[in-house]
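Here is a short briefing on helix packing and pockets, written for someone who likes to know the cut-offs. Have a look at the model first.

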Amino acid sequence: AALHAAPTPAVLQGPGGSWPLLTYDALALKAGADLLLEWLPALKPQLDFGQEARAQWDALWTDIACRGEADAEVMAHRDFHAENLLWLADRQGAARVGMIDFQDALLAHPSWDLHSLLQDARRDVSPDLEALALDRYFTHRPELNREAFLADYAALAALNEARIIGVFARLIVRDGKPRYQAFMPRMWRQLERNLRNPALADLKAWFDRHVPHKART
(Lines give C-alpha, C1' and ligand atoms only; values in the text may rest on other atoms or scores of the structure.)
Protein backbone atom coordinates (compact mmCIF):
# COMPACT_ATOMS: atom_id res chain seq x y z
CA ALA A 1 0.00 0.00 0.00
CA ALA A 2 2.88 2.40 0.78
CA LEU A 3 4.50 1.66 -2.58
CA HIS A 4 1.23 2.13 -4.42
CA ALA A 5 0.52 5.43 -2.67
CA ALA A 6 3.94 6.81 -3.64
CA PRO A 7 4.48 8.66 -6.93
CA THR A 8 5.35 6.23 -9.72
CA PRO A 9 8.62 7.18 -11.42
CA ALA A 10 8.83 7.26 -15.20
CA VAL A 11 12.52 6.39 -14.98
CA LEU A 12 14.29 4.21 -12.41
CA GLN A 13 17.74 5.21 -11.20
CA GLY A 14 20.38 2.85 -9.91
CA PRO A 15 24.16 2.43 -9.54
CA GLY A 16 24.27 0.81 -12.97
CA GLY A 17 22.44 3.65 -14.70
CA SER A 18 18.83 4.47 -15.44
CA TRP A 19 16.05 2.67 -17.31
CA PRO A 20 12.42 3.49 -18.16
CA LEU A 21 9.60 1.92 -16.20
CA LEU A 22 7.90 0.00 -19.01
CA THR A 23 4.33 -1.29 -18.86
CA TYR A 24 3.53 -4.93 -18.12
CA ASP A 25 1.27 -4.98 -21.15
CA ALA A 26 -1.21 -7.52 -22.50
CA LEU A 27 1.34 -9.05 -24.86
CA ALA A 28 3.83 -9.69 -22.06
CA LEU A 29 1.14 -10.99 -19.70
CA LYS A 30 -0.22 -13.42 -22.30
CA ALA A 31 3.30 -14.57 -23.24
CA GLY A 32 3.83 -15.45 -19.59
CA ALA A 33 0.71 -17.60 -19.42
CA ASP A 34 1.73 -19.31 -22.68
CA LEU A 35 4.77 -20.82 -20.96
CA LEU A 36 2.42 -23.42 -19.50
CA LEU A 37 1.33 -24.52 -22.98
CA GLU A 38 4.92 -24.60 -24.17
CA TRP A 39 6.62 -26.45 -21.32
CA LEU A 40 4.07 -28.46 -19.33
CA PRO A 41 3.74 -31.16 -22.05
CA ALA A 42 7.52 -31.58 -21.94
CA LEU A 43 7.18 -32.43 -18.24
CA LYS A 44 3.89 -34.33 -18.61
CA PRO A 45 4.06 -36.13 -21.99
CA GLN A 46 0.48 -37.38 -21.63
CA LEU A 47 -0.73 -33.82 -22.23
CA ASP A 48 -1.42 -32.73 -25.80
CA PHE A 49 -2.67 -29.21 -26.41
CA GLY A 50 -4.03 -29.31 -29.94
CA GLN A 51 -5.10 -26.47 -32.19
CA GLU A 52 -8.59 -26.20 -30.70
CA ALA A 53 -7.29 -26.18 -27.12
CA ARG A 54 -4.76 -23.49 -28.00
CA ALA A 55 -7.37 -21.32 -29.71
CA GLN A 56 -9.61 -21.56 -26.65
CA TRP A 57 -6.64 -20.77 -24.40
CA ASP A 58 -5.88 -17.61 -26.37
CA ALA A 59 -9.47 -16.42 -26.19
CA LEU A 60 -9.81 -17.10 -22.47
CA TRP A 61 -6.76 -15.06 -21.49
CA THR A 62 -7.34 -12.10 -23.84
CA ASP A 63 -9.68 -10.13 -21.57
CA ILE A 64 -7.63 -10.86 -18.44
CA ALA A 65 -4.40 -9.67 -20.08
CA CYS A 66 -6.10 -6.55 -21.42
CA ARG A 67 -7.48 -5.72 -17.96
CA GLY A 68 -4.00 -6.16 -16.54
CA GLU A 69 -2.62 -3.63 -19.00
CA ALA A 70 -5.51 -1.18 -18.72
CA ASP A 71 -5.08 -0.82 -14.96
CA ALA A 72 -1.27 -0.86 -14.93
CA GLU A 73 -0.70 2.19 -12.74
CA VAL A 74 1.87 1.34 -10.05
CA MET A 75 5.44 0.13 -9.93
CA ALA A 76 5.49 -3.63 -9.46
CA HIS A 77 8.58 -5.48 -8.29
CA ARG A 78 7.23 -8.55 -10.18
CA ASP A 79 9.07 -11.02 -7.91
CA PHE A 80 7.72 -9.74 -4.61
CA HIS A 81 8.04 -12.60 -2.12
CA ALA A 82 9.71 -13.39 1.18
CA GLU A 83 13.11 -14.30 -0.27
CA ASN A 84 13.44 -10.84 -1.82
CA LEU A 85 12.37 -8.89 1.27
CA LEU A 86 14.78 -7.95 4.06
CA TRP A 87 13.87 -6.71 7.56
CA LEU A 88 15.84 -3.54 8.36
CA ALA A 89 15.23 -2.88 12.03
CA ASP A 90 17.07 0.44 12.13
CA ARG A 91 14.51 2.06 9.83
CA GLN A 92 10.96 3.24 10.54
CA GLY A 93 7.56 2.38 9.03
CA ALA A 94 7.33 0.74 5.62
CA ALA A 95 11.00 1.55 4.99
CA ARG A 96 11.86 -1.29 7.36
CA VAL A 97 11.14 -3.64 4.46
CA GLY A 98 14.10 -3.61 2.11
CA MET A 99 13.86 -5.11 -1.38
CA ILE A 100 16.37 -6.89 -3.59
CA ASP A 101 16.12 -8.39 -7.09
CA PHE A 102 13.94 -5.58 -8.43
CA GLN A 103 15.64 -5.19 -11.81
CA ASP A 104 12.56 -6.50 -13.64
CA ALA A 105 10.20 -3.88 -12.17
CA LEU A 106 7.43 -2.68 -14.46
CA LEU A 107 4.35 -0.50 -14.41
CA ALA A 108 1.66 -3.05 -13.57
CA HIS A 109 -1.75 -3.71 -12.07
CA PRO A 110 -1.65 -3.03 -8.31
CA SER A 111 -2.75 -6.59 -7.54
CA TRP A 112 0.45 -8.06 -9.02
CA ASP A 113 2.84 -7.78 -6.08
CA LEU A 114 0.02 -8.57 -3.67
CA HIS A 115 -0.71 -11.98 -5.13
CA SER A 116 3.01 -12.64 -5.62
CA LEU A 117 3.47 -12.20 -1.87
CA LEU A 118 0.23 -13.74 -0.62
CA GLN A 119 0.21 -16.72 -3.01
CA ASP A 120 3.93 -17.42 -2.75
CA ALA A 121 5.35 -20.15 -4.98
CA ARG A 122 7.91 -21.30 -2.40
CA ARG A 123 6.11 -21.24 0.95
CA ASP A 124 2.60 -21.67 2.24
CA VAL A 125 0.55 -18.60 3.16
CA SER A 126 -2.73 -19.52 4.81
CA PRO A 127 -5.98 -18.24 3.27
CA ASP A 128 -6.73 -16.55 6.62
CA LEU A 129 -3.47 -14.62 6.53
CA GLU A 130 -4.05 -13.72 2.88
CA ALA A 131 -7.52 -12.38 3.72
CA LEU A 132 -6.15 -10.40 6.69
CA ALA A 133 -3.44 -8.83 4.53
CA LEU A 134 -5.94 -7.92 1.81
CA ASP A 135 -8.23 -6.31 4.41
CA ARG A 136 -5.31 -4.23 5.62
CA TYR A 137 -4.43 -3.22 2.06
CA PHE A 138 -7.98 -2.02 1.41
CA THR A 139 -7.95 -0.12 4.70
CA HIS A 140 -4.99 1.86 3.41
CA ARG A 141 -6.51 2.33 -0.06
CA PRO A 142 -10.21 3.10 0.58
CA GLU A 143 -10.63 4.62 -2.88
CA LEU A 144 -10.48 1.18 -4.51
CA ASN A 145 -13.54 -0.76 -5.68
CA ARG A 146 -12.90 -3.88 -3.63
CA GLU A 147 -15.11 -6.23 -5.66
CA ALA A 148 -13.59 -5.23 -8.99
CA PHE A 149 -10.08 -5.31 -7.56
CA LEU A 150 -10.51 -8.83 -6.15
CA ALA A 151 -11.87 -10.07 -9.49
CA ASP A 152 -8.71 -8.82 -11.18
CA TYR A 153 -6.62 -10.19 -8.29
CA ALA A 154 -7.97 -13.73 -8.84
CA ALA A 155 -7.65 -13.55 -12.62
CA LEU A 156 -4.11 -12.16 -12.67
CA ALA A 157 -3.02 -14.51 -9.89
CA ALA A 158 -4.28 -17.41 -12.02
CA LEU A 159 -2.31 -16.05 -14.98
CA ASN A 160 0.81 -15.72 -12.86
CA GLU A 161 0.43 -19.24 -11.54
CA ALA A 162 0.06 -20.59 -15.06
CA ARG A 163 3.24 -18.67 -15.93
CA ILE A 164 5.14 -20.04 -12.94
CA ILE A 165 4.04 -23.62 -13.66
CA GLY A 166 5.48 -23.16 -17.14
CA VAL A 167 8.69 -21.64 -15.77
CA PHE A 168 9.15 -24.45 -13.25
CA ALA A 169 8.47 -27.09 -15.92
CA ARG A 170 11.16 -25.46 -18.07
CA LEU A 171 13.61 -25.38 -15.17
CA ILE A 172 13.01 -29.09 -14.53
CA VAL A 173 13.07 -30.31 -18.13
CA ARG A 174 15.46 -27.98 -19.93
CA ASP A 175 17.73 -26.80 -17.13
CA GLY A 176 17.97 -30.03 -15.11
CA LYS A 177 16.75 -28.53 -11.82
CA PRO A 178 14.45 -31.20 -10.33
CA ARG A 179 14.11 -29.35 -7.01
CA TYR A 180 11.42 -27.17 -8.61
CA GLN A 181 9.16 -30.20 -8.79
CA ALA A 182 8.56 -29.79 -5.06
CA PHE A 183 6.88 -26.43 -5.68
CA MET A 184 4.48 -27.66 -8.35
CA PRO A 185 1.68 -29.04 -6.09
CA ARG A 186 1.48 -25.70 -4.26
CA MET A 187 1.18 -23.82 -7.54
CA TRP A 188 -1.60 -26.12 -8.75
CA ARG A 189 -3.50 -25.73 -5.44
CA GLN A 190 -3.32 -21.96 -5.69
CA LEU A 191 -4.33 -21.95 -9.34
CA GLU A 192 -7.30 -24.22 -8.60
CA ARG A 193 -8.38 -21.95 -5.74
CA ASN A 194 -8.39 -18.91 -8.03
CA LEU A 195 -10.23 -20.83 -10.73
CA ARG A 196 -13.11 -21.34 -8.31
CA ASN A 197 -13.94 -17.67 -8.79
CA PRO A 198 -17.24 -17.71 -10.76
CA ALA A 199 -15.86 -15.20 -13.26
CA LEU A 200 -13.20 -17.76 -14.24
CA ALA A 201 -15.61 -20.65 -14.81
CA ASP A 202 -14.73 -20.98 -18.51
CA LEU A 203 -11.03 -21.03 -17.73
CA LYS A 204 -11.62 -23.67 -15.04
CA ALA A 205 -13.52 -25.76 -17.60
CA TRP A 206 -10.54 -25.52 -19.96
CA PHE A 207 -8.18 -26.87 -17.31
CA ASP A 208 -10.63 -29.59 -16.29
CA ARG A 209 -10.87 -30.71 -19.91
CA HIS A 210 -7.22 -30.47 -20.95
CA VAL A 211 -5.19 -30.98 -17.74
CA PRO A 212 -6.57 -33.93 -15.74
CA HIS A 213 -6.12 -33.70 -12.00
CA LYS A 214 -3.60 -36.56 -12.01
CA ALA A 215 -1.33 -34.35 -14.18
CA ARG A 216 -1.45 -31.46 -11.70
CA THR A 217 1.54 -32.54 -9.62
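In which hand of crossing does α3 pass α6? The crossing of α3 with α6 is left-handed, a label given when the near helix is turned anticlockwise from the far one by less than a right angle, with right-handed for clockwise. The model is a predicted one, where local features need pLDDT of at least 70, side-chain atom pairs count only at pLDDT 80 or more, and totals for chains, interfaces and linings use all residues. Residues are numbered from 1 along each chain as its sequence is written, and side-chain values use heavy atoms, leaving out hydrogens and water.

**α3 against α6**
- Helix α3 (residues 51-70) packs on α6 at an angle of about 125°, and their axes are 10 Å apart.
- α3 and α6 are therefore oblique to each other; angles under 35 degrees count as roughly parallel, over 145 as roughly antiparallel, 65 to 115 as roughly perpendicular and the rest as oblique.
- On the α3 side, the contact (heavy atoms within 4.5 Å) is made by Trp 57, Trp 61, Ile 64, Arg 67 and Gly 68.
- Among the α6 partners are Ala 151, Ala 155, Leu 159 and Ala 162.
- The residues of the contact of α3 with α6 comprise nine nonpolar, one polar and two charged; Ala, Val, Leu, Ile, Met, Phe, Trp, Tyr, Cys and Pro count as nonpolar, Asp, Glu, Lys and Arg as charged, and the others, Gly among them, as polar.

**α4 against α6**
- Helix α4 (residues 111-118) meets helix α6 (residues 146-173) at an angle of about 60°, with axes 9 Å apart.
- The crossing of α4 and α6 is right-handed.
- Residues of α4 in this contact include Trp 112, Leu 114 and His 115, while those of α6 include Phe 149, Tyr 153 and Arg 163.
- Eight nonpolar, four polar and two charged residues make up the contact of α4 with α6.

**Pockets**
- A pocket is an open set of points on a 1 Å grid, where a 1.4 Å probe fits, with protein on both sides within 12 Å along at least five of seven lines; lining residues have an atom within 4 Å of a point.
- The largest pocket has a volume of about 930 Å³, and of its 24 lining residues, Ala 1, Ala 2, Phe 80, Val 97 and Leu 117 are the closest to its centre.
- Its lining divides into 16 nonpolar, three polar and five charged residues.
- The second largest pocket holds about 470 Å³ of space.
- Eight residues of the lining of the second largest pocket come from α6, the largest share.
- Ten nonpolar, seven polar and ten charged residues form the lining of the second largest pocket.

Key:
Axes are lines fitted to C-alpha atoms, for helices over the stretch in contact, and angles run from 0 to 180 degrees between N-to-C directions. Helices (H or I, at least four residues) and strands (E, at least two) are DSSP runs, numbered from the N terminus. Grid points are joined across faces, edges and corners, and a volume is the space filled by probe spheres set on the points.
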